[in-house]
Amino acid sequence: MAALVPRSDFTLLSCNPALVYLDSAATAQKPRAVLDAMSDFYESEYANPHRGAYALSARATERYARARAAVARFFGARDEACVIFTRGTTDSINAVAAAWGRANLRPGDEVIVTGAEHHANFVPWQQIAIERGATFTICPLAEDGRADVEALASLASPKTRVIAFNHVSNVLGAINPVAEIVSIARSVGALTVCDGAQGAPHMSVGFDALGADLYAASAHKMLGPMGTGVLIGRREVLESMPPYQTGGDMIAFVGDEHTTWNTLPHKLEAGTPNVAGAVGLAAACDYLTSIGMDAVAAHERALVRLAYERVSAIEGVRVHGPGASERSGVLSFTLGDIHPHDLATLLDERHICIRAGHHCAQPLMRRLGVAATARASFYVYNDENDVELLASALESAKRIFALA
Ligand SMILES: Cc1ncc(COP(=O)(O)O)c(C=O)c1O
């Protein structure tokens with residue numbers, strides 16, 4: 001199984017032919033198309049958008065608007081004004097928890113998250129619940145790490161105001177049943193917030209059809225730049241949400257005593273926007289679209305199936321999460337008593353990059369009964385050989401630690 005895209009599209013990978021990059025769930029490498037689009041903006045159309053009466057500023061404004069249109073297309077959101085540029089998934093979710101939460105949560109209300117959330121979709125909800133006197137409930141997980149929808153259905157009640165859940169778990173690769181979760185939330189009138197940090201890079205999102213009220217993602221995990229992300233929402237939800245931050249073009253009128261807000265998307269984008277970031281994300285979206293998201297998902301599934309087979313065949317390995325055919329391109333495992341950090345360090349000697357630790361999901365680690373795991377994650381530039389190198393490096397690590 002060859003890589004889905006030429007390695008030469010990625011300067012860092014082609015300059016380092018021995019590098020086996022298996023940490024795309026943390027951040028993905030950047031194709032030249034993304035870097036070129038960003039430098040083109042800086043070199044040929046750079047100015048502060050929105051504020052200038054001169055042609056160059058108008059061009060920067062147009063470039064920003066075109067980026068928003070491309071991102072909206074990629075995410076399947078017909079209403080471009082409902083695509084808000086943020087600093088990333090963490091920023092998007094914090095904005096919702098703070099702005100929506102402060103305006104809507106009352107003592108006695110309930111916020112539900114799942115036990116498999118990244119801290120970015122756990123801590124903001126926990127904290128706003130504490131601040132507002134709301135109850136913070138953690139939905140149990142099914143055996144495979146997805147939200148236990150039966151448990152969720154019995155937990156949800158008219159007191160439930162928010163259900164926040166991941167599209168795909170960053171630790172287990174388990175894909176949540178979004179439609180079922182949304183339907184439970186709707187039956188009790190709760191807001192749904194989907195953390196798409198590990199969904200958007202790997203599968204077609206189709207926001208309008210997905211049903212979630214709000215969807216958050218990070219550009220850097222989907223071949224785009226760091227420091228950029230999106231919050232996509234249903235218009236009624238975004239319109240009713242107060243601004244998270246104030247200043248810049250998010251105003252309509254500033255009086256001495258009060259201020260009124262601009263329309264969407266500007267109301268939720270305070271300050272000078274990160275236009276280069278939006279341009280880079282749009283280029284990443286176009287790059288992924290040219291490959292086809294179904295092809296991306298199929299490629300990762302094939303790689304992860306092979307990795308599952310090869311890695312779980314090593315004696316002493318415990319793979320966490322669902323079976324090979326039900327996960328996106330993430331494989332978390334432990335190998336005997338070897339600390340995942342030691343494994344990652346040994347693999348690094350062979351230029352294999354994997355992640356080790358709690359993956360910013362300590363509540364999930366507790367539920368799995370481990371302190372840490374090793375995680376290999378796959379993307380469009382990985383191939384079968386990467387999987388083979390991973391498996392043989394793990395065999396060798398096992399010998400070094402005298403487990404064999
Ligand atoms: C599922 C999930 N949610 C949220 C985040 C946070 O993303 P960011 O650090 O880009 O804001 C991550 C990052 O690893 C993630 O995997």
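Which residues touch the most other members of the largest nonpolar core? I looked this up in what is a predicted model. The core has 67 residues, and Phe-75, Leu-223 and Tyr-381 are the ones that touch the most other members.

I then checked which helix contributes to this core. Helix H10, residues 275-291, gives the most, with 11 residues. Domain 1 (7-22 + 292-400) and domain 2 (34-289) both supply residues to the core, so I place it between them.

Next I listed the contacts of Tyr-381, leaving aside neighbours within four places in sequence. Among them are Ala-3, Val-5, Phe-10, Leu-13 and Tyr-21. Leu-223 is also in contact with Tyr-381, as are Ser-24, Ala-28, Gln-29 and Asp-386.

I noted a second, separate core of 29 residues. Its members include Leu-22, Val-319, Ile-352 and Ala-397.

I turned to an open sheet. Its 4 strands follow the order E11-E12-E15-E14, and the pairing is antiparallel. I find E11 (317-320) and E14 (355-357) at the edges; each has a single partner strand, so one side of each is left without a neighbour in the sheet. On average, neighbouring strands here are turned by 30° against each other, direction ignored.

Strand E12 (residues 330-335) is joined by 4 bridges to strand E15 (residues 373-377), and the two run antiparallel. Ser-332 has Arg-375 in E15 as its bridge partner.

Last, I recorded what packs on this sheet. Helix H12 (residues 340-348) does, touching E12, E14 and E15. The direction of H12 makes about 160° with that of E14.

Key
Residues are numbered from 1 along each chain as its sequence is written. This is a predicted model: local features need pLDDT of at least 70, side-chain atom pairs count only at pLDDT 80 or more; totals for chains, interfaces and linings use all residues. Side-chain values use heavy atoms; hydrogens and water are left out. Two strands pair if DSSP finds at least two bridges between them. Axes are lines fitted to C-alpha atoms, for helices over the stretch in contact, and angles run from 0 to 180 degrees between N-to-C directions. Contact means heavy atoms within 4.5 Å. A nonpolar core is a set of buried Ala, Val, Leu, Ile, Met, Phe, Trp, Tyr and Cys residues joined through side-chain atoms within 4.5 Å. Buried means under 20% relative accessible area, exposed over 50%, partly exposed in between (1.4 Å probe, protein chains only). Domain bounds come from an automatic or database domain assignment.
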